[in-house]
Amino acid sequence: MAQIDQSENPGVPSEVDSYHSLFPLEPLPPPNRLQKTSNFSYITSCYKAVNSKDDLPYCLRRIHALVFSYDFHAGAETMYCRHFNDPTADSYFTKRKWGQHEPPPPRQHAGLLPESLIWAYIVQLSSALRTIHTAGLACRVMDPSKILITGKTRLRVNCVGVFDVLTFDNSQTNHLALMPQYQQADLISLGKVVLALACNSLAGIQRENLQKAMELVSINYSSDLKNLILYLLSDQSRLRSVNDIMPMIGARFYTQLDASQMRNDVIEEDLAKEVQNGRLFRLLAKLGTINERPEFQKDPTWSETGDRYLLKLFRDHLFHQVTEAGTPWIDLSHIVSCLNKLDAGVPEKISLVSRDEKSVLVVTYSDLKRCFESTFQELLAAANGPL
């Protein structure tokens, strides 16, 4: 729901095509210091915006002159920000002055990522490449700054399609001719991402550090992970496929599948709770349209008489009870329980006390539900009827 003050941000347009309510997702550079990004060699910026056609938020990636629209995932952060934003992590690979001692190599759980997390990332990234390559296309942006992480370990690849547009050559007759070459480059990029994760450092994928990086992988991780990285990074005469790394993933695929299924169970359980919450919210919203209504059909006492008076007393029973000392008695479980009984229309009896405490009305929840539904239908009929 974040929005900006348009008067304080004149450089951000109020609308772009069918998108409005733009909000920067990354700091905007000063106008006099616009720098080209290392990925696309163009000046870029990124915004959240709402599409006026479906009222859903989207991520707009602006290549200054072009705007790409992607699915928006609130709270996402890049793999670069989560895992490679610590300048001290590169110390093992950075050059040392003469006479300085080489630092000890980092270890798993003490500077390096756990292998299970790296395999979880590998399964997701290779699955994304498999989907893209099977469609006869290439990703071309397999880079930590363009891989988004939501939650603990859910990955998504951002900015796909940008290079296809930026490097499009209208004079070329067969636009898919270079696709196999691009797909091979995807596999090398995946290998670099995995090696960087294993070293917990982007410096480890630089050519002069590769041997040292692979030694670090050999010491701390399984031979399967080492072989996968070597396969992805080594030059081979035959065309490689993302499917070739499946034997190296092996049974770890089932670990990821189990984790995904467990996550689905948790989400479905939470969703079931939200369905109940939505049902109770609709009840409260309907009650709110009835209670204390100042006038209806030119009758200023409408909400204080008949069935509406019962619903007013029920509202007091829900929210306005007090203790013997006269202090507010607030119990959320009481509110939820009473609303559920109203929604079900149970035959249980309930005592409703007037505010002056001079009268007590004993009714059932089924009586209240009948009053509630007939009264709301009365309002609906008037709202939808002829003016």
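**Salt bridges and burial**

Tutor: In this predicted model, the count comes to 13 salt bridges.

Student: What makes the pair of Glu292 and Arg315 a salt bridge?

Tutor: The closest N and O atoms of Glu292 and Arg315 are 2.6 Å apart, and the rule asks for a side-chain nitrogen of Lys or Arg within 4 Å of a carboxyl oxygen of Asp or Glu, so the pair qualifies. The two residues lie in distant parts of the chain, 23 residues apart, with Glu292 in the loop between H8 and H9 and Arg315 in helix H9.

Student: Why is Arg315 called buried?

Tutor: Its relative accessibility is 12%, and buried means under 20%, so Arg315 falls in that class. Glu292, by contrast, has a relative accessible area of 37% and is therefore partly exposed, since that class runs from the 20% limit to the 50% limit. Through shared partners, salt bridges join Glu292, Arg315, Asp316 and Arg355 into one network.

Student: How do you know that Asp244 and Arg238 form a salt bridge?

Tutor: Their closest N and O atoms are 3.7 Å apart, which is within the 4 Å cut-off, so this pair is counted too.

Student: Why is Asn220 called buried, and what does its side chain reach?

Tutor: Asn220, in helix H5, has a relative accessible area of 11%, and because the limit for buried is under 20%, the term applies. Its side chain reaches the backbone oxygen of Pro106 at 3.4 Å, a polar contact because the cut-off is 3.5 Å.

Definitions and conventions. Residues numbered from 1 in each chain as written. Predicted model: local features only at pLDDT ≥ 70, side-chain atom pairs only at ≥ 80, totals over all residues. Heavy atoms only, no water. Helix = DSSP H or I, 4+ residues; strand = E, 2+ residues; numbered from the N terminus. Buried < 20%, exposed > 50% of the residue type's maximum accessible area, 1.4 Å probe, protein only. Polar contact = N/O pair within 3.5 Å; in protein donor to acceptor, adjacent residues only side chain to side chain.
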